[in-house]
Amino acid sequence: MDIDWAALGEVFGVSLVATVGLVGLFTLGIVNGSAGKAQGGGTATLARTGAYACYALCAAAVAYGIYIITAP
């Protein structure tokens with residue numbers, strides 16, 4: 001039994017980058033959402049919109065991952 005170490009390293013690297021990116025994007029959404037509550041006016045609306053955009057991108061990434069797993 002031979003292990004393809006290059007392929008294993010590639011999967012590890014892509015998984016690491018995707019995980020850090022997705023967690024960072026979700027964290028950015030949380031920070032924008034809480035900043036929107038602390039401030040008022042147009043800045044709050046812009047921060048809330050940015051938070052919703054971050055959450056939408058996270059949901060799209062999760063949906064794409066599920067699509068890749070379940071695709072025939």
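This is a predicted model: local features need pLDDT of at least 70, side-chain atom pairs count only at pLDDT 80 or more; totals for chains, interfaces and linings use all residues.
1. Residues are numbered from 1 along each chain as its sequence is written, and side-chain values use heavy atoms, with hydrogens and water left out.

2. Leucine 22 belongs to helix H1, which covers residues 5-38 (helices are DSSP runs of H or I with at least four residues, numbered from the N terminus). With a relative accessible area of 30%, leucine 22 is partly exposed. When neighbours within four places in sequence are set aside, leucine 22 is in contact with Cys58, Ala61 and Val62, contact meaning heavy atoms within 4.5 Å. Between the C-alpha atoms of leucine 22 and asparagine 32, which are 10 residues apart along the chain, the separation is 15 Å.

3. Cysteine 58, one of those contacts of leucine 22, is buried at 8% relative accessible area, and cysteine 54 is likewise buried, at 7%. A search of the whole structure finds 0 disulfides, a disulfide being a pair of cysteine sulfur atoms within 2.5 Å. Cysteine 54 is in no disulfide, and its nearest cysteine sulfur is that of cysteine 58, 6.9 Å away; that distance is too far for a bond.

4. Isoleucine 3 sits in the segment before H1 and counts as partly exposed because its relative accessibility is 46%.

Notes
Helices (H or I, at least four residues) and strands (E, at least two) are DSSP runs, numbered from the N terminus. Buried means under 20% relative accessible area, exposed over 50%, partly exposed in between (1.4 Å probe, protein chains only).
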